[in-house]
Each structure stands twice: as C-alpha cells, then as structure tokens.
Amino acid sequence: MSGTGGDGVHRPTLELVEPPEPEVPAGTEVRWSVRVCCPSGCDLASSHLTVATGNTDVGASVTWEEDDGGAALARVVARAPTEVGEVRWTVTLPATVAGEHAHEAATLTVVTRTVPHATSLAVWGVPSPVRGRPFSVWVGVKCREGCPLRGHGVEVRDDAGREVGTGALKRATRPGTDGLYEAEVTLAAPAQPGVFFLDAHFPTPEGEVPHEASQGTFSFRTLDPPEHVVRVRVLLAHEASLAGVEVRVGPYEAVTDERGAAEVGVASGTFELSVRRIDLEPVSRELRVTGDAEVELVASPRRRVDADEERLWM
Amino acid sequence: MSDEARKDSISRRDFVRRGATVGLGSTALASLATCAPGEAWDLSADVVIAGAGTSGLSAAIEALDRGASVIIAEANYDIGGHGILSGGRVNLGGGTSRQRSRGVEDSADAVFEYWIRHDNLQSRYTDRDLTRVYADLSAETFEWMVENGVEFMDEAIGADRRNGRTVQWPVREELITSYPTRLGSGLLRALEKSARAKGAQILLLHKMTDLVQDPDTKRVVGMVVENEGRTLRIRATGGVILATGGHTSNVAFRRMFDPRLTEEYQTAGEPYTSQNADGELVAMKLGAALWGTASQTMEAGAWISKTEHIGCRWGYSSLWWQPDSPVFDKARASGLSEVDWQNVILVKQTGVRFHDETDDSHAFFAGCMSYSGDPNKKNGGGPIWAVFDADAVRRQGWDPRPPNVDPDGYFYSADTLVELAGKVRNPYQTLPMNGRTLQETVARYNGFVDRGVDDDFGKPRPLYKIQTPPFYAAWSTPILHDSLCGLRVDTQCRVIDLDEQVIEGLYCAGEAMGGFPQHGLGRCALFGRVAARSAVASASRSV
C-alpha cells in the first residue's frame with residue numbers, strides 16, 4: 001500500500017490499539033487508544049482529532065503520547081450516551097499539513113455498547129419481631145457508578161411477589177458507606193411463629209440514566225409476645241466495662257448498660273440464658289421463665305493464649 | 001546414652017589427643033587445592049553448614065567446641081530462620097535440670113517409648129533409630145543450650161512435661177518481630193552469640209546453590225553459594241551439613257506429598273524466611289532419599305493451620321506481624337486477630353460456604369482444599385475468604401484499616417455483598433466471586449441464624465447475621481508450617497541415598513531431615529549437634 005498519492009498527498013492511518021470495553025455503563029467515560037501514523041514518517045502527534053457519534057462531535061478529550069515504536073498514540077476519553085444500545089464513534093483526523101506535506105483526512109470507527117448501571121442492595125436492622133406486630137427494616141441501594149439515587153422507591157415483596165412494604169431512599173447516603181442510599185421500610189410481622197423470608201427490590205427507576213433493578217432476600221423470626229421481664233445483672237470477676245454485654249434469653253435479646261444490667265422481655269418457657277462479649281468467656285445456663293425474674297451471672301475474661309501453647313504436640 | 005551415640009561423642013580433648021588438629025580449627029580464604037577439575041576454592045573450613053537457623057547454629061557450636069573450623073552460609077540477611085520467629089518451644093526431656101526443678105521424673109527410655117507410640121499419629125511414623133538418638137541426647141542437649149546462654153522459662157509443660165519455652169531476646173533491635181510471644185528469638189540470638197564468640201564465620205546473603213562432589217570418590221567436599229551475583233566455592237574438609245529448614249514454601253516439592261497443596265497456601269515464617277527445600281534438592285541431585293514421608297501428610301499437628309489473623313497474607317497462629325518489624329514492608333499488614341468465628345462466614349473463591357467455621361480440625365482443612373469448581377485448577381481449594389459486616393467489626397473491636405489489613409489483594413470492603421464480591425481480586429483467585437452467589441450464601445446463612453441451626457454444615461448455633469453495611473472480605477486461607485519429613489539420614493545424620501548407601505561428607509539436620517517429625521526447636525538443635533559430631537569426626541579422619 002502506498003502512503004503517498006500521485007499528487008504527493010500523504011495518507012495517514014488510524015489504528016485502534018487499545019479498544020474500549022465492549023460494554024460500558026451508559027453516560028460514563030469510555031477510553032481507547034489510537035495509533036496515528038503517516039507512512040512517510042511525518043510527525044502527526046498533537047493533530048486535532050475529533051470524535052463524533054453520528055454528526056455530533058462529543059467533545060472527547062485527547063492526549064498524545066509516543067508508543068514504544070515512536071508512533072503517535074492518541075489516548076481518547078469520551079462520554080458514552082445515556083441511552084442503552086450500540087454506540088459507533090467516528091474518530092477523524094482531518095486533512096492537515098504537517099512537515100510541509102499535505103495529509104488526507106483519515107477516519108476510524110470504534111464500536112461499543114452502553115448498558116444500564118448495575119445496582120445492588122442490602123437489608124439490615126432486621127429484628128426478631130413479635131408476631132402480628134409492625135417492625136421496620138432498612139434497605140440500602142447503591143449504583144455501581146455512584147449515581148445519586150435519592151428519592152427513588154424500594155419495595156419489599158413476599159414469596160408470592162406481593163408488595164408488603166415500600167420506602168423512599170433518603171437524601172443523604174448512609175454514614176460510613178461509599179454511596180449507599182437507605183430507606184426505612186415498615187412491615188407487618190406474620191401472626192404465626194416461624195422464620196420468614198422476604199425480598200427487597202429496587203425496581204428500575206425512572207430517570208435520565210438507565211439503571212438495572214436489584215433484589216435481595218432477608219429473613220426474620222417471629223417471637224411470641226413478651227409476658228415477663230427478666231432482669232439480668234452481669235458481674236465481672238475482673239476490672240472491665242460492664243456495658244455492652246449481649247444478653248440472650250432464647251431468641252430474646254438485650255445489651256447491658258454501664259451497670260451491667262439488662263432487661264429482657266420474654267414469653268413463658270424454658271430458654272438458654274447466655275451472655276457474650278468478645279473479651280469474655282461465654283457463660284450460659286438454662287432458665288425457666290414463669291414470671292418476672294432477676295438473675296445474676298458472673299463472667300470471666302476470655303482466656304487469651306498463645307496459639308502455639310495449645311499445640312503441645314504429644 | 002546409647003553405645004552408638006556415646007561412641008560418636010568425641011570431645012575436643014579426644015580430638016587434640018589424637019593429634020587431629022592439623023587440618024582443623026582454621027577457616028581460610030583460600031587459593032586452595034582444587035577439587036572439581038580446574039576450579040579453585042574460595043573459602044575452606046572443616047565443617048561447612050547451609051543455614052543459620054536452630055540446626056545450623058547448633059551444629060556450628062558443636063563443631064567449634066570440638067576444635068573444628070566452621071563456615072555457615074545463610075541465604076537471608078540475618079540469622080535465625082523460622083526459629084527466631086517461633087514461640088520458642090523446646091521439647092527436650094529425659095531428666096533435664098528444668099524437669100528436676102519442677103519435680104518431674106524422666107529418662108531417656110521414657111522419651112523413646114513416648115515417641116514411638118503406635119496409638120498417636122505424631123509418633124506412629126517416626127524412625128525408631130533416630131528416635132533413640134533423640135531420646136539419648138535429649139537431656140544433654142537441654143543442658144548444652146543452657147551452657148550456651150539460652151534462657152528458659154521455669155516450666156515443664158505439656159502432656160509429657162518435656163516442653164518449655166525460651167525467654168524472648170531482650171534486645172529489641174535484634175528481633176524480627178516484637179510481639180511478646182516470639183520467644184524463639186531468645187534461643188537463636190543466644191546461639192548466634194555463642195557461635196560467633198567461638199569463631200564461627202557466618203556468611204549472610206550467601207545462598208547455597210549446589211554441592212561439590214569429588215569426581216572420583218563421590219564424597220561431598222564442598223558447596224557452591226551465590227552472594228549478590230558472585231559465585232563462591234567453599235571447601236568442607238569434614239563435611240557439609242544441610243540445615244536449610246525444610247520444604248513447605250516450595251510448591252512443587254510439597255505437592256509430592258499432597259497434590260492439594262497448590263500455590264495459594266502461604267507458609268508461616270514468610271516473608272522473613274522461606275522453606276524452599278534447598279537442602280533436599282541439592283542432596284536429591286546426588287541420589288539422596290526422602291524419609292518419613294507419612295509424617296508430612298498425617299492428619300494431626302500443625303503442618304497446616306487455620307488463620308489466626310485475617311485480612312493479611314500471612315496470618316499464622318501466634319506469629320503476628322507488627323509494624324515495627326524490619327520486614328513489615330513485605331508483610332504489609334498484621335491482620336485482624338482474635339477472630340470469633342461466630343462473627344464471620346468462610347467462603348470459597350466462588351462465594352459459597354463449605355464447612356463449619358468454628359471447626360479447626362483436619363476435616364476443616366479438607367473442606368478448604370476441596371475442589372473450588374475451577375475446571376482449569378482442579379487441585380487445591382483456592383482462596384478462602386472470611387465475610388463479615390459492620391456489626392462484626394464492632395463486636396470484635398477491630399479497626400479494618402491498614403496496617404491492620406492489606407487492601408492490596410487480601411482485604412476488601414464494600415457497601416453491598418454484590419459489590420464486595422466484584423471487588424475481590426487476588427493473585428490466587430482463579431474464578432471471579434459471583435455477587436449473586438455471595439448474596440444468596442449470606443441470605444441462607446442469615447436464615448440459619450434465625451432458626452438457630454446450620455442445616456448445611458452444622459455450625460453450632462449460628463449467632464450473628466451478616467447484614468449491616470459495610471461488608472468485608474478478608475483473606476483466611478489456611479497457612480502451612482512444619483516440614484515433617486525430609487532427607488533420609490542414619491543415626492549420625494549422614495545423608496542416605498536411594499541405594500541405602502551413605503553419601504560421604506553430607507549431613508542433614510532440622511526440618512530438612514526426615515524421620516523425626518517433632519514440632520519445635522528441640523529436635524533441630526539436637527540433630528544439628530549430631531551432624532556436627534559426625535562431620536568433625538570425618539574431618540579428623542581426613543587429616
């Protein structure tokens with residue numbers, strides 16, 4: 001192939017050396033690299049490249065580098081359309097004069113596909129509700145591209161697909177997260193005892209940028225209504241804070257205050273009473289509850305051993 | 001002491017009396033006699049040792065005490081090997097002063113009987129000839145350590161009351177890790193001081209790459225070492241002692257014993273020191289046999305361990321890398337410690353649970369190493385990730401940030417489980433973790449928490465849901481430790497070949513030696529001394 005026409009005009013070439021991802025989220029930045037060569041060796045670096053979809057210049061950013069062979073390498077960054085579908089970008093090196101030689105225009109088509117933004121969700125703060133009573137959970141949704149999702153709705157559905165609760169994502173993201181929008185959803189606990197599963201949904205929202213729906217399953221256990229109060233006092237055989245010790249009476253839970261006290265509302269029955277904190281040896285005992293009760297439990301520091309110490313071979 | 005051991009126990013005085021000092025006791029920068037055709041020696045000593053760990057330093061002191069000259073070639077930038085990072089556990093009994101002070105009656109025969117029991121996996125496969133040597137020299141080696149400056153805690157612990165720990169080396173600048181359980185530093189630094197005081201020449205950053213054989217007699221007469229691009233040849237008139245520390249860092253080597261032990265399993269002691277099978281490989285080139293290989297795969301003991309610290313690459317047991325370590329730039333993170341396994345689930349690289357997280361038996365390890373579903377990597381189980389949530393972090397009191405965790409491949413956080421799965425990238429992760437799979441795994445597990453029963457793997461009363469963002473994935477792949485088999489040696493620690501013949505001039509001790517699979521430092525020191533006695537005796541015969 002000749003790089004120079006009979007009229008002495010040079011014919012540069014454009015070669016896609018680093019293609020864009022085949023699928024990119026709609027409305028996000030897309031990157032690719034084009035090698036720009038003049039067969040006669042003219043330096044075309046810093047030429048004016050344009051990038052267009054259809055007849056519209058998309059205002060791409062182009063930075064020039066030299067590749068390993070010394071050729072001009074244009075690194076292109078363009079923003080994808082917000083519509084979903086195939087995108088054909090036309091990269092054009094306009095006719096130019098470089099090194100005192102006229103150069104023909106050259107074009108290159110770059111193809112990619114835009115897709116909706118992926119979302120994902122989490123459900124937390126799920127209590128063990130008393131059967132038949134309302135309770136709340138938190139549903140958080142995140143767009144992988146970091147879009148603000150404030151105000152969009154979330155739904156909770158039962159296993160038949162019926163909507164059993166809704167909420168709207170709050171304006172601010174959840175503290176401690178990197179862009180998780182949260183909504184409180186109030187639900188009604190089933191009247192019967194048992195473990196139940198529900199699905200939280202983030203339906204495809206209306207908006208300029210398309211988003212995928214997302215879904216997540218969560219579970220909860222319904223409890224019989226508390227009839228009695230068990231007052232638990234945790235005593236420590238050593239100097240340590242008394243607060244923050246988990247107290248469980250069967251499925252009923254509470255946490256001790258700074259005096260080591262916790263009140264747990266429980267139904268009648270026989271349960272395992274246990275206390276637990278990372279720095280304490282777990283303690284438990286059986287507790288038969290027929291009325292209000294007061295219980296003291298003594299906890300000792302968790303035995304910290306050199307792991308090798310427990311590995312006394314032979 | 002058995003007759004055989006007594007016969008071999010040549011004292012320095014015996015040596016002098018026999019007039020054997022002519023060729024002994026001096027190392028030399030040599031333009032020395034050539035061995036392999038046309039090649040000169042760069043250095044020479046009576047006893048040349050590969051490795052300055054417990055075995056090598058013990059061998060050096062023993063040889064020096066017997067009037068021999070000693071050169072140690074150590075691949076690392078400092079001495080110590082695995083021992084200096086260890087818990088300092090020394091199993092030596094048979095009537096030591098330590099035992100006597102604690103009122104413990106013991107004897108060499110009792111030690112022997114204990115270590116050949118058929119009803120215990122760790123003693124079932126021992127070589128009974130080597131066990132006899134261990135039993136006979138056990139008490140003596142303990143006293144020898146004390147004489148060489150090793151301080152012990154006042155204890156005689158363990159079921160056999162032969163165990164005890166050394167006292168951590170007091171010079172902070174000479175520690176590799178300052179965590180206060182790294183007591184082996186007390187043993188290694190004491191032995192180093194003693195060896196140097198007695199005249200050992202320790203060549204750091206000198207990695208043994210080969211052995212030199214006399215072309216006619218096939219006797220091992222020296223070794224080749226590499227030092228910062230230079231190749232040196234060191235002559236050994238008495239013998240070469242391989243004290244290189246075992247093989248568990250060498251993936252190809254360890255997989256001879258268990259094909260499951262693919263590259264994702266890290267080794268305790270790294271990144272300070274590796275067990276690369278250097279000694280085994282050079283000896284096997286000369287036809288050396290391996291020995292006691294059943295011990296390497298017995299489903300007992302600590303050749304493989306559950307991680308004690310998660311979210312870092314090397315989370316072995318009590319070896320807890322601290323930021324003040326001189327190799328912390330390589331270790332990169334300390335890990336999140338004191339894991340309550342109720343707070344996490346463990347998943348394979350694909351995001352599926354596989355076992356009760358609270359278990360640490362070999363059934364757990366078998367689960368870890370079970371097929372991960374990658375048709376292109378059928379062996380090994382792939383990475384194991386501990387997955388937990390913000391509530392678990394609060395309960396544990398963790399700070400999940402560097403330097404506690406290593407976000408460069410060994411720790412991830414995200415706002416949702418799907419996002420978390422998509423972030424997991426690691427050199428050993430051969431399949432992507434599927435977000436949907438991880439989400440389903442956690443939803444199922446959370447249901448078990450509600451019911452109080454783990455239908456899948458029987459985790460005792462699962463307590464905590466994984467639900468509150470952010471979520472975390474922390475490296476929790478089991479880590480390897482002991483080399484429990486190695487080169488075949490006779491009772492004088494002479495290396496034996498596949499024809500059951502002695503390879504003259506070649507000795508081995510410590511974790512590179514097979515036949516006596518004991519955890520800890522006692523056997524390393526003891527057999528290092530035996531090897532040195534033999535090498536010195538050989539040197540005396542050769543002059």
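# Exercises on a two-chain predicted model

Both faces of strand β16 of chain B are covered, with Trp385(B), Val387(B) and Asp389(B) buried on one side and Ala386(B) and Phe388(B) buried on the other. A residue counts as buried if 20 or more other C-beta atoms, placed from the backbone, lie within 10 Å of its own. Strands are DSSP runs of E of at least two residues and helices are runs of H or I of at least four, numbered from the N terminus. The model is predicted: local features need pLDDT of at least 70, side-chain atom pairs count only at pLDDT 80 or more, and totals for chains, interfaces and linings use all residues. Residues are numbered from 1 along each chain as its sequence is written, while chains are lettered from A and ligands numbered from 1 in the order in which they are written.

## Exercise 1

Task: state why β16(B) is largely enclosed by the rest of the structure, and find its partner strands.

Solution.
- Step 1. Strand β16(B) covers residues 385–389, and five of the five are buried, so the strand is largely enclosed by the rest of the structure.
- Step 2. Pairing requires at least two DSSP bridges between two strands. Strand β15 (residues 345–347) of chain B runs antiparallel to β16(B) and is joined to it by three bridges; Leu346(B) stands opposite Ala386(B).
- Step 3. Strand β18 (residues 471–475) of chain B is also antiparallel to β16(B), with five bridges. Here Asp389(B) faces Phe471(B) as its opposite residue.

## Exercise 2

Task: give the strand order of the three-stranded open sheet in chain B and identify its edges.

Solution.
- Step 1. The order is β10-β19-β12 (chain B), and the pairing is mixed.
- Step 2. The edge strands are β10 (266–267) and β12 (304–305) of chain B, each of which pairs on one side only.
- Step 3. Two bridges link β12(B) to β19 (residues 479–480) of chain B in the antiparallel sense. Within β19(B), Leu480(B) is the residue opposite Ile304(B).

## Exercise 3

Task: describe the overall form of chain A from its secondary structure, radius of gyration and burial.

Solution.
- Step 1. Chain A has zero helices and 25 strands.
- Step 2. Its radius of gyration is 33 Å, well over the 20 Å that the globule rule gives for 314 residues, so chain A is more spread out than a compact globule. The radius is taken over C-alpha atoms, and the rule is 2.2 Å times the number of residues to the power 0.38.
- Step 3. The C-alpha trace of chain A spans about 105 × 60 × 35 Å along its principal axes.
- Step 4. Of its 314 residues, 31% count as buried.

## Exercise 4

Task: work out the layout of the four-stranded open sheet in chain A.

Solution.
- Step 1. The strands follow the order β1-β3-β7-β6 (chain A), with antiparallel pairing.
- Step 2. At the edges stand β1 (13–18) and β6 (61–66) of chain A, each with a single partner strand, so one side of each is left without a neighbour in the sheet.
- Step 3. Strands β3 (residues 29–37) and β7 (residues 72–79) of chain A run antiparallel and are joined by eight bridges. One of the bridge partners in β7(A) is Ala78(A), which pairs with Val30(A).

## Exercise 5

Task: list what each chain gives to the contact between chains A and B.

Solution.
- Step 1. The contact takes 40 residues from chain B and 31 residues from chain A, where two residues are in contact if their C-beta atoms, placed from the backbone, lie within 7 Å.
- Step 2. On the side of chain B that touches chain A, the largest share, seven residues, comes from α16(B).

Conventions: Buried ≥ 20, exposed ≤ 12 C-beta atoms within 10 Å, placed from the backbone.
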